[in-house]
Amino acid sequence: MHVRYDRVWENFLDDNYFPTYLRDIREIEFSDLKSCVLNNESVTSKMILDLLQGDLFIVKNVLSVEQANQVKTNVHEYGQSVPTEDFVEDSCIPNFHCKTHGGQVKDGYDEVGHAYFFYRWNEDILGVFSAINHYWEIIKILNGLGPNGIKENLPKDGIIDRIQLLHYPINTGEITPHCDVSRWQKTNIGINLTERGKHFDSGGFYCLNKKQERVDIEPMVRIGDAICWVPTVFHGVEKPTSSSEIDWSKSEGRWQLLAFTVQSKIMNNRIVSISHDNFKKNPKKVLEEYLFDDESYKEYFNYRRSWSHRI
Ligand SMILES: [Fe+2]
């Protein structure tokens with residue numbers, strides 16, 4: 001039955017663009033979100049429309065502090081024991097991790113961080129999928145995909161699930177303001193594995209509001225809480241700071257677990273993240289592209305069919 005949430009998203013998008021600026025910040029307990037999504041269609045539909053107006057939900061207590069710490073520790077240890085790689089998602093590649101040192105502005109934005117990539121087709125040895133599946137399934141339902149939508153997709157299907165852990169090392173990690181395409185699972189999952197005030201003194205996640213000002217989200221998000229928003233809303237991460245020296249081998253800094261549904265890199269015309277500066281040059285072009293309304297593209301990709309039979 002929950003597949004009908006798809007109509008709430010699509011009816012809005014028939015006449016509107018995706019949101020690009022933050023409207024409001026709201027808080028909800030994970031248990032309340034779950035109950036609402038599973039049992040209350042009218043309140044959930046209203047929530048979807050609010051997300052599409054640029055509201056961001058802080059979902060409290062998705063993971064316990066212990067679970068969040070465990071995931072962070074497992075992944076950091078993996079990063080210390082396995083060499084970095086830079087695989088392209090054009091086949092069933094292994095999980096991997098890589099470092100980006102910035103200064104190589106790509107598609108208008110810059111990133112400094114240590115990223116770890118995990119895919120459903122690999123064995124979940126570090127427990128990253130098992131830690132968040134209970135939450136991701138609710139988010140998939142909210143997005144009209146059903147609890148198992150896209151889960152079994154492979155790169156050849158064009159759209160895949162990906163978990164990315166992002167470590168922003170202390171006094172150096174950051175990502176400049178950008179927005180991400182969000183056509184399939186519309187809301188991103190971002191679970192904090194660290195906390196400002198405990199692991200770093202300043203910096204962290206922000207979104208841009210309509211006045212194009214940075215709205216600091218980080219102090220409202222505790223370890224194990226998730227942010228749930230449509231990532232076409234501009235966002236970035238300011239450098240986490242402390243009195244420590246920069247050391248990429250240490251786990252110090254800011255950690256976030258992101259779970260997306262993205263185009264695999266087998267797609268030739270893949271739409272990439274767009275910096276705020278590039279967006280401002282031609283907003284309408286970006287907003288039109290993000291709808292994927294082009295018929296030839298739809299025919300090639302046939303994105304609905306790629307998941308609908310798996311619900
Ligand atoms: Fe992003």
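Trainee: Leaving aside its neighbours within four places in sequence, which residues is H97 in contact with?

Mentor: This is a predicted model. In it, H97 contacts G79, T84, H114, A115, Y116 and F117, once neighbours within four places in sequence are set aside. H97 itself is found in strand β3, residues 96-101.

Trainee: Why is H97 called buried?

Mentor: A residue is buried if 20 or more other C-beta atoms lie within 10 Å of its own. H97 has 20 such atoms, so the residue counts as buried.

Trainee: Why is D6 called partly exposed?

Mentor: D6, which is found in helix α1, has 19 C-beta neighbours inside 10 Å. Buried requires 20 or more and exposed 12 or fewer, so with 19 D6 counts as partly exposed.

Trainee: How far is the C-alpha atom of D6 from that of I141?

Mentor: The separation is 8.9 Å, although D6 and I141 are 135 residues apart along the chain.

Trainee: At what angle do the axes of helix α1 and helix α3 cross?

Mentor: The axes of α1 (residues 5-15) and α3 (residues 41-52) cross at roughly 35° and come within 10 Å. Y5, V8, W9 and F12 of α1 make the contact with T44, S45, I48, L49 and L52 of α3. By class, this contact has 7 nonpolar, 2 polar and no charged residues. The crossing of α1 with α3 is right-handed.

Trainee: How do you know whether I150 and N171 are buried or partly exposed?

Mentor: The cut-off for buried is 20 or more other C-beta atoms within 10 Å. I150 has 23, so I150 is buried. N171 has 19 C-beta neighbours inside 10 Å, so N171 counts as partly exposed.

Trainee: Which residues have the most contacts inside the largest nonpolar core?

Mentor: They are Y135, I189, I191, A226, I227 and L257, in a core of 67 residues. Helix α5, residues 128-142, gives the most to this core, with 9 residues. I189 is in contact with Y135, W136, I139, A226, C228, L258 and A259, leaving aside its neighbours within four places in sequence. In soluble globular proteins, nonpolar side chains tend to be buried together.

Trainee: How many helices and strands does the protein have, and why is it called as compact as a globular protein of its length?

Mentor: There are 9 helices and 13 strands. The radius of gyration is 18 Å, close to the 19 Å that the globule rule gives for 311 residues, so the protein is as compact as a globular protein of that length. The C-alpha atoms fill a box of roughly 50 × 40 × 40 Å along the principal axes.

Trainee: What share of the residues counts as buried?

Mentor: Of the 311 residues, 40% count as buried. As to contacts with a separation of 6 or more, 84% are accounted for by residues 24 or more positions apart.

Methods. Residues numbered from 1 in each chain as written. Predicted model: local features only at pLDDT ≥ 70, side-chain atom pairs only at ≥ 80, totals over all residues. Core = buried A, V, L, I, M, F, W, Y, C linked by C-beta atoms within 7 Å. Helix = DSSP H or I, 4+ residues; strand = E, 2+ residues; numbered from the N terminus. Contact = placed C-beta atoms within 7 Å. Rg over C-alpha atoms; globule rule 2.2 N^0.38 Å. Axes fitted to C-alpha atoms, helices over the stretch in contact; angles between N-to-C directions. Left-handed = near helix turned anticlockwise from the far one by under 90°. Nonpolar A, V, L, I, M, F, W, Y, C, P; charged D, E, K, R; others polar.
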